[in-house]
Structure formats: structure tokens, C-alpha cells
Amino acid sequence: MYFDSHAHYDDEKFDENRDILIEEMHTNGVDYIINIGADMESSLKSMELAEKYDFIFAAVGVHPHEVENMTEYDIDTLREYAEHKKVVAIGEIGLDYYYDFSPRDKQRYWFKRQLELAAELDMPVSIHSRDAAKETFDIISESSVRKGVIHAYSGSVEMAKDYINMGFYIGVGGVVTFKNAKKLVDVVANVPIERILLETDSPYLSPVPVRGTVNNSQNLKYVADKISCIKQISFEKVCEITAQNAKGIFW
């Protein structure tokens, strides 16, 4: 029923109950998960999870927080990782000017290099953008990548439509259930359901009514329910269409 297009089950928050939780989620309607790499180590762990579970697939890439010491050797390694049969995307990659954990010039450089890698491999991307909406959009526009998802979308309706016109999908997670989420609610109301993906960003961004807990893919029911209310279509239709959207991107 549910396709979680963005999760991090390699995270240490799941160390105590990872296997039990993953089996439980699959039993309770989570059909597919894309486990997303955030650095070289988590990219490798994502591949290991994908090897262990039939319904988990992997994305490999280096998050903007982690690019300060990135090298061309890492690009070569990611290229090798991408040959794995269960690696379906490059990500998560992008810009984060909110925390600035890595210098902005390095964020921009390695974002562009990883986009180049995705273009070379003809693979979709999972894009992270925080407090850098226009620059993220401009860098993607200048690249030749035209397939992927803008994870945890936080931009305007107009920019969402521009991304869609460029070939991208909009990732919607627990934030859409928050009281102060008017901007994202407007985006969901104004873009086609055929261009929306469900995501959790587990273990982060748990939706209402479980906000503040460790997130997991079973909580997609709250996200799907909110989208159902916003767009006035059935809960089942939201789950069905968003799952087909994700399949269209990732395989």
C-alpha cells in the first residue's frame, strides 16, 4: 500500500530494533522503501539493507552537511556503488544554507559533481534543499538531470510547478500535517497528485499525531490521510497513485 521514497533505516536510532521494525512495517502495508545515503558510510549501509530485504532499495550519495572532505575518489566509489542492482538513485544531494555545516563553495561544487554523476549514469536524484531554494533550482536547471524528487519540499507553489515542468516530483512527508504547514499545504493543493511522492525521512519529521517520536514508514498513513483531505480524493487513491509515481522514477 505505501511506498516510502525517502528513509534512513541505517540511522543509529534504529540500532536496537531495526530488523523487528522493518519486518513489522512490511507486514503492515509498507510495500517499498528507498533507503537514502547521506555520506559514504551510510550509502554502503543502504546497499547492505537493500541486499537483506527484498522490498528495500538504496540511493547513494553525499548530503551537503558531509561534503567538506569529499574527494574525486568518493565520486568513483559512488559510481561503483551505482552498479549494484538495487541502487536506484543518487542522493541525497543538494544544498543546506540553514546549518552551513560545510562551506557553501564546497556544497555547490560537490552538488554539481554528483549531478554530473547522475547524468552520466542516467539515474534519478534525491535532492535536499534548505534555505537555498533558488540556488538549488538554478544548479539543477543548468545540469542535464531531469529525473528525481525534491525531498521534503519547502518552496513555493510556483517553484514546485517549475520543477514539475522540468521533470521532477515533489516529496511530501510529515511536515504537511504540522499546524504551521500552510505553504506546503498550498503546494499539495496546487500540484497534480501524479507528481507527488510520499516520504517519511525516518527517523526524522514524524507527523501529527506522533510528532516528536522516532518516525517510521508506518506513519505514512497520516501523510496520505492529510493529502487525501487536501485534494479531496480517497486515501486509497493517494497511496496507489503516489506508489505508481515512485515506481516510475526509481525503476
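Guide: Begin with the sheet: eight strands form an open sheet with parallel pairing, in the order β1-β2-β3-β4-β5-β6-β7-β8. At its edges are β1 (2-7) and β8 (196-198), each pairing on one side only. Strands are DSSP runs of E, at least two residues; helices are runs of H or I, at least four; both are numbered from the N terminus. Two strands pair if DSSP finds at least two bridges between them. This is a predicted model: local features need pLDDT of at least 70 and side-chain atom pairs pLDDT 80 or more, while totals for chains, interfaces and linings use all residues. Residues are numbered from 1 along each chain as its sequence is written, and side-chain values use heavy atoms, without hydrogens and water.

Visitor: How many bridges join β3 and β4?

Guide: β3 (residues 56-60) pairs with β4 in the parallel sense over three bridges. A58 stands opposite V87 in β4.

Visitor: Which strands does α4 lie across?

Guide: Contact means heavy atoms within 4.5 Å. Angles run from 0 to 180 degrees between N-to-C directions, with axes fitted to C-alpha atoms, for helices over the stretch in contact. Here α4 lies across β4 and β5 (125-130), at about 160 degrees to β4.

Visitor: Is Y99 buried, partly exposed or exposed?

Guide: Buried means under 20% relative accessible area, exposed over 50%, and partly exposed in between (1.4 Å probe, protein chains only). Y99 has 41%, so Y99 is partly exposed. Y99 lies in the loop between β4 (87-96) and α4 (104-121).
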